[in-house]
Amino acid sequence: QSNLGILSPDQIELAKILLENGQSHLFLHWSEPGVCDNEKLGFFDQIARLNSSYPGGLAAYIKTAKELLADSELGKNPYDGFSPSVPSGENLTFGDENFIEMEKRGVVEARKAAFVLVAGGLGERLGYNGIKVALPRETTTGTCFLQHYIESILALQEASHKVASDGNQTDIPFIIMTSDDTHSRTQNLLELNSYFGMKSTQVHLLKQEKVACLDDNDARLALDSNNKYKIQTKPHGHGDVHSLLYSSGLLDKWLDAGLKWVLFFQDTNGLLFNAIPASLGVSATKQYHVNSLAVPRKAKEAIGGITKLTHADGRAMVINVEYNQLDPLLRTSGFPDGDVNCETGYSPFPGNINQLILELGSYKEELQKTGGAIKEFVNPKYKDSTKTSFKSSTRLECMMQDYPKTLPPTARVGFTVMDIWLAYAPVKNNPEDAAKVPKGNPYHSATSGEMAIYRANSRILQKAGVKVEEPVKQVLNGQEVEVWSRITWKPKWGLIFSDIKTKVSGNCDISQRSTMAITGRNVFIDNLSLDGALIVDSIDDAEVKLGGSIKNNGWTMETVDYKDTSVPEEIRIRGFRFNKVEQLEKKFAQPGKFSLED
Ligand code: UGB
């Protein structure tokens with residue numbers, strides 16, 4: 001009691017919350033008043049932050065922690081009583097009539113969308129020293145992920161405004177969730193690059209706070225080993241995005257502005273925007289409240305499966321079940337073989353890629369009930385089988401894809417499956433771990449992420465009628481990858497397949513050793529035969545025809561070892577760099593019609 005003499009009424013309130021929730025150990029070592037007062041004030045500042053940034057405050061956090069830790073100690077299965085079945089959703093095939101229709105519908109809807117990037121994670125598995133959104137998506141142009149995302153949103157916005165029949169020309173809001181680990185570097189990247197062409201007022205950063213660590217099964221908060229007036233904290237997970245959006249007031253603003261959709265995505269999927277227009281079209285056509293983007297998944301592959309869970313008591317939900325839980329759940333629910341491939345050669349449970357499209361009205365309604373809180377989990381590492389103590393402190397975590405867990409059974413929750421080559425190539429694993437990935441499973445490395453861009457662009461052009469030569473196999477940083485022609489373009493050049501088709505005509509071919517980078521908008525590939533490197537940059541008012549036979553020594557790929565620290569980190573983690581031996585480089589900075597001879 002005497003230690004509280006220096007405290008304000010607010011601080012006394014916070015102390016009460018702690019004492020009433022089994023946290024008296026936090027004060028046991030306090031020195032007498034007058035000693036370490038600054039540290040004590042710091043302690044209460046931190047407690048105030050932890051209390052205000054969690055829906056329901058610290059009391060709710062500790063209560064949930066006690067419940068989840070007790071369940072974990074008992075080894076309780078969160079899916080007890082639920083039976084799994086295959087949910088219904090939409091399967092899209094790139095380039096067919098339905099896909100093209102869905103893309104067009106998606107473009108119409110895009111001006112009613114807000115985009116939310118979760119980028120608070122440091123990417124420990126990748127081990128990169130910078131923020132992940134600053135990494136080049138590909139090194140032919142060096143465009144970073146954040147720039148590509150912004151340019152894709154701007155291209156969608158422009159295309160959508162063009163087809164808008166109601167004259168609504170609202171700018172698409174772009175929200176980035178950051179954390180203490182990424183906030184200032186994300187802000188700097190945006191400011192240094194003039195927001196990559198987006199209005200700064202269109203972009204909002206929302207910073208997530210960490211949560212308190214827990215020392216034992218009684219959910220006693222863990223003190224920092226170096227500072228006994230400080231609580232240890234760790235990230236709470238990407239699920240924080242929902243409570244942050246809710247408390248930001250943005251949802252009301254968006255509803256007032258006539259917006260209808262909120263799209264969530266992860267930091268390093270360079271293919272995502274190939275999938276966005278069509279899946280937004282699916283959301284609109286099927287009037288989905290929740291649409292999860294998914295890819296075909298091999299049984300037992302290490303990505304979560306989208307599953308319908310029906311409880312004996314009538315509850316039902318369509319949700320991501322992590323791969324390590326899906327197989328045992330199936331085995332105990334009348335499927336003795338567990339997670340197995342069906343006649344398609346894939347598991348009937350599509351793979352979650354954690355890109356979500358939510359319908360704004362129902363989303364806002366749901367968050368009003370929950371305050372944005374998402375069902376959490378705890379994953380303590382116990383010292384031994386008695387499960388009485390932990391190897392190190394733990395904390396509650398939450399995932400953004402668990403949002404549907406609290407929805408009523410009437411909610412329309414579906415998914416959209418697309419080819420992996422088109423939609424999903426995240427950069428998550430460091431070269432060493434990627435090289436150990438079992439053969440046939442995706443590497444999810446900087447190498448595979450970049451190669452996936454070239455593969456997707458080559459295949460899209462193939463489908464549009466260009467003869468792009470087949471790839472060669474190469475081992476880079478210990479990973480065997482397909483190396484396709486290095487073809488890149490800006491989102492405004494080719495946002496949807498029907499646009500791309502209008503930009504390709506005649507007999508065109510591109511050899512495997514070629515590089516082609518298109519930075520302009522009105523660039524048309526017409527009877528082009530390319531064997532080498534072609535780099536074209538043009539202003540929007542220049543109409544440029546790429547035709548004729550172009551042959552030069554091109555850009556070669558030199559292998560680089562990821563351990564070679566003389567090479568910049570963002571390059572060496574790919575296992576190669578380009579040697580720009582020779583290229584045809586053309587810049588068209590004046591309005592008018594041009595060809596490569598000009
Ligand atoms: N992120 C945050 O913004 N804040 C955080 O506190 C943590 C992360 P990871 P994870 O694509 O295969 C997800 O670490 O969580 C951001 C799905 O849960 O890359 O291990 C972070 O910046 C899983 O179901 O992935 O796994 C990044 O943008 C599966 O779909 C994003 O959250 C898996 O991705 C994801 O963080 C996958």
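Me: Helices (H or I, at least four residues) and strands (E, at least two) are DSSP runs, numbered from the N terminus; between which two of these elements is the loop that holds Ser 347?

Reply: This is a predicted model, in which local features need pLDDT of at least 70 and side-chain atom pairs count only at pLDDT 80 or more, whereas totals for chains, interfaces and linings use all residues. Residues are numbered from 1 along each chain as its sequence is written, and side-chain values use heavy atoms, with hydrogens and water left out. The loop with Ser 347 runs between helix 10 (323–331) and strand 15 (351–359).

Me: With the side chain of which residue does the side chain of Ser 347 make a polar contact?

Reply: Ser 347 counts as buried because its relative accessibility is 6%, where buried means under 20% relative accessible area, exposed over 50%, and partly exposed in between (1.4 Å probe, protein chains only). A polar contact is a pair of N or O atoms within 3.5 Å; within protein, one must be able to donate a hydrogen and the other to accept it, and residues adjacent in sequence count only if both atoms are side-chain atoms. At 3.0 Å, the partner of the Ser 347 side chain is the side chain of Asp 339.

Me: How much of the accessible area that the ligand has on its own does the protein cover?

Reply: The ligand is surrounded by 21 residues, Gln 208 and Asp 267 being among the closest, with a residue counted as near if one of its heavy atoms lies within 4 Å. Oxygen atoms of the ligand lie 2.9 Å from a polar backbone atom of Gly 121 and 3.0 Å from an N or O atom in the side chain of His 238, while a nitrogen atom of the ligand is 2.6 Å from a polar side-chain atom of Gln 208. Of the 710 Å² that the ligand has on its own (Shrake-Rupley method, 1.4 Å probe), the protein covers 83%.

Me: How many residues apart are Phe 94 and Trp 421, the partners of an aromatic pair?

Reply: Rings of Phe, Tyr and Trp (its six-membered ring) pair if their centres lie within 6.5 Å, and planes under 30 degrees apart count as stacked, over 60 as edge-to-face and the rest as tilted; the count comes to 25 aromatic pairs. Phe 94 and Trp 421 make an edge-to-face pair, 5.4 Å centre to centre with 80° between the planes. Phe 94 sits in the loop between strand 2 (90–91) and helix 4 (97–110) and Trp 421 in helix 12 (residues 420–423), so that the pair links distant parts of the chain, 327 residues apart.

Me: Near what value is phi of Lys 300?

Reply: Most residues other than glycine have a negative phi. Lys 300 is found in the loop between strand 12 (290–295) and strand 13 (305–311) and counts as partly exposed, at 45% relative accessibility. Phi of Lys 300 is positive, near 70°.
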